Every structure is written in C-alpha cells, then in structure tokens.
Amino acid sequence: MVLGSMAPRRRWLLLGLAALAVVALIAAGTVVITRLTGDNKPGGAPVAGSPTPTPIGTPTPSPSGPPPGADITGPLNLLLVGVDTRVSVPGWEPHSDAVLVLHVPKGLDRAYLFSLPRDLLVDIPAFPKAGYKGGKTKLTHAMSFGSRVPGKPKQPSTAQGYELLRSTVSGYTGLRIDAGAVLTFNGFDRLVDALGGVDIYVDQRVESLHRRPDGKHRESAPGGYKGPQQVYEKGDRHLNGWQAIDYARQRYITGGDYARQRHQQQLIRAMTRKILDEGLARQPERVDQVVSALGDTLVYVGGRRIVDIAYALSGLPENRFTLVGLPGSGVGKGTAYRGEQLTSEGRKFLTELRAGRADAYLAASPKLVVKN
C-alpha cells in the first residue's frame, strides 16, 4: 500500500493526530519525509534496555501483504518530552520541563493527551547505569539523573536520561510506554518557524520572564532578569517560533505550572492544525524544511518504526482526541515546599484511564477537558 493510494486528507489527519504529542512532531518531521523522499536514516538513538528500533525508511510491503503496523491493536502509550538544554554550558544535563503522555486505548478509536507537572513528586527507581540509587523527588530530575554517564561528566546522554524518565512515568501512571520522543526547546522553535508560525488563543495575559519584545533574551540579574518584557495579550494570536515556545514556557503566571501545561498542549494542537490546514503532505518541499529544521534537536526512542505506529492510528477520529488537564497542588509551603502532587480527581483519572472508563469519568468531570 502506498501513500498516494489513500485519501490525502484522511492519511494526513492520521499523521497529524496519530500523536498530537508525538507523531505531530515525529511523523511530520520524520515519517513524512521518509514516505516522500525515501530517506532511510534512523530516527534517533535507541533506549538501552528496550528493543532496538528498526529503520524508519519507506516500507515496501508486497501489494497483497498487510500494511505497516497492521498488527498493532492497542493500547498504545507515547511519551513526549520537552527538555531544557543549555548548549552554551558544557556538560549541561537535560531537564524534562514538559512531560506529555498520549494514551490510545485498545481498538485505536480514541486518544487522550495529558501532562504531568515537572515538579511532581515521584519515586524514581534506581538506575545503576547512571550510578543513581533511587529516591523520591521531582519528576524533572529523572531525565537529569538518568543522563549521567560514569566517567564522562561532560557528556550526558539524552537517550539514557529518557530511559529513566520513561520508567518513572510508567511507574507513576501504571501505563507501559511504547515509544516516545525528546525535543529541545530549540527544536520546537525551529519546527514552528518551519510551519510558518501557529495560531493560538492566548487564554490569559502572560508576561515573559525570558524574552524582550524583539525576541532577544533578557539580561540575567541578581534575583532574576532585567529589561523590557515580551507580553502576550489575551485573544487570538499568530505566533512565530520563539514567541510560541516562549509563551508555552512561562510558569510564573496565574495558574503556575498547571497553566503552563495547558499552554503546552494548546501549542501542540496548534502545530497539528497547521500541518493539516496547509496540506503539508502535498508539499514535499515544505516537508524538507520541517525535517531540516529539527536536525539533532529530536531524538526518537521506541521499539517500533514510527511509520508502523502512524499507520496503526489511521482510523483515529478527529473528534475523539481529548486534551486533559490534571489538577494538582503543592506539597509544603515556602521553604518547606517539596514539589507537586495530583489531586484525588487527577489521580483517579489515571485509574479510570487504565480501566478503560476515561470517557465516563471525563463526562462526570468536564472541567478536566482542555477546551481552548
């Protein structure tokens, strides 16, 4: 089966929605190019301890054979990680500032995307490979602790850090993680620019901690930053790359990190809509731009080819893709603050999700559904 034999809108609805969190970035940036140009380069470093990923080049099934991913029936759980990497600092360890999970139940007819707070208090398991003995601390540290390579203090491994983060997320949610991606903030920036910017509804006034109105970084100063600030006013806005990721990074705002999680989900949805609305599949040159924009800012980790996962999700209806905001609260206050915890309502969503009762639970708790 070849791409051209399918209805273009349906096939690219697949590639846009097949992971809103993951495939919107990976499929648009990798599967698309492999299908259109036959690029056979691997999609990133494998995660140690997991099956070695097979190449993600163009599949060549026989005309009478099954399509790629035909044996994938679900459930599927995909993990998208946005990392804070400071390339100017030698040996800077990646921190997971954005952790999103896409859950597709058995049958692959619906999907749920939710975020976990970066400061969520979790049990991080021992990880001998990095010399980490385990402990209870903030989720964001799992990537950092796991990235440490003994004997190479200035050469942290992003793929190895993902491995510990994956185990931690799996242990907390009770979900097996099948595949995932790690994307730097620079990667998001480049991807949005390659798409020509995105349209987002800014749901509250946001002042940037990091950027000036001209896009340059604000100067650091004792206790924070100084100089004029970029401001995102409430309403419909068209944002370029640096504006989009800057808006989605801010957490010192009304709602704190929970508002930031919502904004990150909205950014991913806006990127997906852009991919669909512009008919990216019919513009190979635009696909080239997207892939070139990502470069080494994207690491794909998983046991199955991305194209297999994408094909498997081809029947996912657009109106059954739900963004979920999980409420939480702080543990301790002031100098005794230790991190965040999900409320009983947020934790129960995970229980109901595993039991296959997410739709009923969200119907009874509609405020968990992200609308904008």
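**Note on the predicted model: burial, cores and ring pairs**

1. Arg 166 has a relative accessible area of 17% and therefore counts as buried (buried means under 20% relative accessible area, exposed over 50% and partly exposed in between, with a 1.4 Å probe and protein chains only). Arg 166 belongs to helix α4, residues 158–173. Helices (H or I, at least four residues) and strands (E, at least two) are DSSP runs numbered from the N terminus. Between the C-alpha atoms of Arg 166 and Arg 176 the distance is 8.9 Å, with 10 residues separating the two in sequence.

2. The model is predicted: local features need pLDDT of at least 70, and side-chain atom pairs count only at pLDDT 80 or more, whereas totals for chains, interfaces and linings use all residues. Residues are numbered from 1 along each chain as its sequence is written, and side-chain values use heavy atoms, with hydrogens and water left out.

3. The protein chain contains 11 helices and 16 strands. Of its 372 residues, 55% count as buried. Among contacts (heavy atoms within 4.5 Å) with a separation of 6 or more, 67% come from residues 24 or more positions apart.

4. In strand β7, residues 198–202, the side chains alternate. Strand β12, residues 235–239, pairs with β7 in the antiparallel sense over 5 bridges; two strands pair if DSSP finds at least two bridges between them. Opposite Val 202 stands Gly 235 of β12.

5. Helix α6, residues 241–249, is largely enclosed by the rest of the structure, because 8 of its 9 residues are buried. Among them are Trp 242, Ile 245 and Tyr 247. Asn 240 caps the N-terminal end of α6, placing a side-chain oxygen 3.4 Å from the backbone nitrogen of Trp 242.

6. Which residues touch the most other members of the largest nonpolar core? In this core of 40 residues they are Leu 102, Val 198, Ile 200, Tyr 232, Tyr 247, Leu 267 and Met 271. A nonpolar core is a set of buried Ala, Val, Leu, Ile, Met, Phe, Trp, Tyr and Cys residues joined through side-chain atoms within 4.5 Å. Leaving aside residues up to four places away in sequence, Tyr 247 touches several residues, including Ile 200, Val 202, Tyr 232 and Leu 239. A second, separate core has 35 residues, including Leu 120, Phe 127, Leu 164 and Leu 350.

7. The structure holds 3 aromatic pairs. Rings of Phe, Tyr and Trp (its six-membered ring) pair if their centres lie within 6.5 Å; planes under 30 degrees apart count as stacked, over 60 as edge-to-face and the rest as tilted. The pair of Phe 114 and Phe 349 is edge-to-face, because the ring centres are 5.9 Å apart and the planes stand at 80°. Phe 114 lies in strand β3 (residues 111–116) and Phe 349 in helix α10 (residues 344–354), so that the pair links parts of the chain 235 residues apart. Both Phe 114 and Phe 349 are buried.

8. Tyr 132 and Phe 145 form a stacked pair, because their ring centres are 4.7 Å apart and their planes lie at 25°. Tyr 132 sits in the loop between β4 (121–124) and β5 (135–138) and Phe 145 in helix α3 (residues 140–146), so the pair ties together parts 13 residues apart in sequence. Tyr 132 is buried at 14% relative accessible area, and Phe 145 counts as buried at 17%.

Methods. Polar contact = N/O pair within 3.5 Å; in protein donor to acceptor, adjacent residues only side chain to side chain.
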